[in-house]
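Hi everyone, thanks for coming.

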Amino acid sequence: MPVGLALKDPSAALVRRLAPLAESRGYTAMLFPELSIVGQSRHTGRDPFVSSAIALERTQALRAGPGVAGTVFHSARHLALRAASLMESSDGRFILGCGVSHRAYAEEIGVDYPSSPIGHVRTYLAELRAAGGRLAFGEPAPIWLAALGDRMATVGAELADGLLLNWVSPSWVERTVAHLLASVGQRPVIAVYIRLDTGERLREQAQTYLTMFDNYAKHFARQGLVDPEQIAWETGVPIDDPAAIATRVSAYREAGADEVVLYPADVAPERIERFVDELDVTLLGA
C-alpha cells in the first residue's frame with residue numbers, strides 16, 4: 001500500500017534531508033500543508049510549493065505537493081500554472097492538493113470566505129480544469145481535494161482525481177467509499193492522513209480542532225466522535241508504536257483507502273528524521 005509523509009512547516013534544509021531519506025525508506029509521496037495564511041503575532045508557514053519543488057528535485061520517483069493549498073487564497077489560473085510548472089520540472093510527479101480551508105483562517109487575515117463552500121469548490125475546480133486545458137506548456141497536475149463531509153466528497157468524486165481525508169476513522173473511510181459508489185457510481189483515489197504523536201499530544205491536537213473549527217466539530221460529530229480521547233484514539237496513532245501504526249494502516253486499506261499519509265504534525269524535526277529512518281513503510285499494511 002502506498003505510504004506518504006506529510007510535513008508541517010518544514011525548513012528547506014529539513015526537506016532536503018528528508019526527501020531522499022523518505023524515498024529510500026519506501027515512502028511514495030510527501031505532502032506539505034499550507035500554513036502561511038494563519039495570522040499570528042509571529043507569522044510562519046513556508047510555501048508548500050517551494051517545499052514540494054525541493055522534495056521533487058532531491059528525488060527520482062517520489063511524488064510531492066501541497067496537502068492542501070487553500071482555494072480561497074489562490075486564483076485558479078495561477079494555481080494551474082504553478083502546478084504545471086512543477087509537473088514539467090519533476091517529469092509529472094507533482095500532486096495538487098487543494099481545499100476550501102477554514103473560515104476561521106480566512107477571517108483572521110481578512111479574506112472573504114464563501115457562503116457556500118460546496119458551490120465555491122465546484123466553480124473553482126471547473127476553472128482549474130479549464131485553465132489546465134489552455135496551458136502553453138507542460139500538463140495539468142492530478143487534483144486531490146480535501147473533503148470532510150459527504151457533499152464535498154461527492155464533488156471530489158465528480159471533479160477531482162483524488163480525495164484527501166483528514167481526522168477520520170477507518171469506519172468513516174468505508175462509509176465514504178460506500179456513499180460515493182451509491183451516489184456517484186465511482187470513486188477517485190482516496191488518501192487518508194494518520195496523525196502521529198504521543199497519546200497526550202494527540203489528545204491536545206484533537207481538542208484544538210474540536211474547539212477552534214466549526215467544520216471539524218461537525219465532522220467529528222458525524223463520525224460519532226464526541227471527545228478528544230475518542231478522536232485521538234480513532235484517528236491517530238502513537239509515533240513510538242510501529243505495530244500500532246501497521247495495524248492502523250491495514251485497517252484503512254481494508255476500509256477502502258488507496259494511500260495513507262503519515263503526519264507527525266507537531267513532532268520535533270529530529271524525532272521525525274529518526275522515525276523516517278527507522279520505520280520500514282514497505283511492510284505497513286502487508
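Let's start with the rings: Trp167, Tyr209, Phe213, Tyr216 and Phe220 form one aromatic cluster. Before I go on, this is a predicted model, where local features need pLDDT of at least 70 and side-chain atom pairs count only at pLDDT 80 or more, while totals for chains, interfaces and linings use all residues. Residues are numbered from 1 along each chain as its sequence is written, and side-chain values use heavy atoms, with hydrogens and water left out.

Okay, back to the rings. The structure holds 8 aromatic pairs. Rings of Phe, Tyr and Trp (its six-membered ring) pair if their centres lie within 6.5 Å; planes under 30 degrees apart are stacked, over 60 edge-to-face, and the rest tilted. One of the pairs is tryptophan 167 with phenylalanine 220, which is edge-to-face, at 5.8 Å centre to centre and 85° between the planes. This pair links distant parts of the chain, 53 residues apart: tryptophan 167 is in the loop between strand S7 (162–165) and helix H7 (170–183), and phenylalanine 220 is in helix H9 (residues 214–223). Helices (H or I, at least four residues) and strands (E, at least two) are DSSP runs, numbered from the N terminus.

How is the pair of tyrosine 216 and phenylalanine 220 arranged? Their ring centres are 6.0 Å apart and the planes sit at 45°, so this pair is tilted. Both residues lie in helix H9, 4 residues apart, about one turn of the helix.

Tyrosine 216 has 6% relative accessibility, so it counts as buried. Phenylalanine 220 is at 0%, so that one counts as buried too, and tryptophan 167 is also buried.

Next stop, alanine 29. You'll find alanine 29 in strand S2 (residues 29–32), buried with a relative accessible area of 3%. Leaving out residues up to four places away in sequence, alanine 29 touches Val3, Gly4, Leu5, Leu62, Arg63, Ile95 and Glu259. Contact here means heavy atoms within 4.5 Å.

Last one: the charged end of arginine 82 sits over the ring of phenylalanine 49, 4.5 Å from its centre. That label needs NZ of Lys or CZ of Arg within 6 Å of the ring centre and within 35 degrees of the ring normal.

Definitions and conventions:
Buried means under 20% relative accessible area, exposed over 50%, partly exposed in between (1.4 Å probe, protein chains only).
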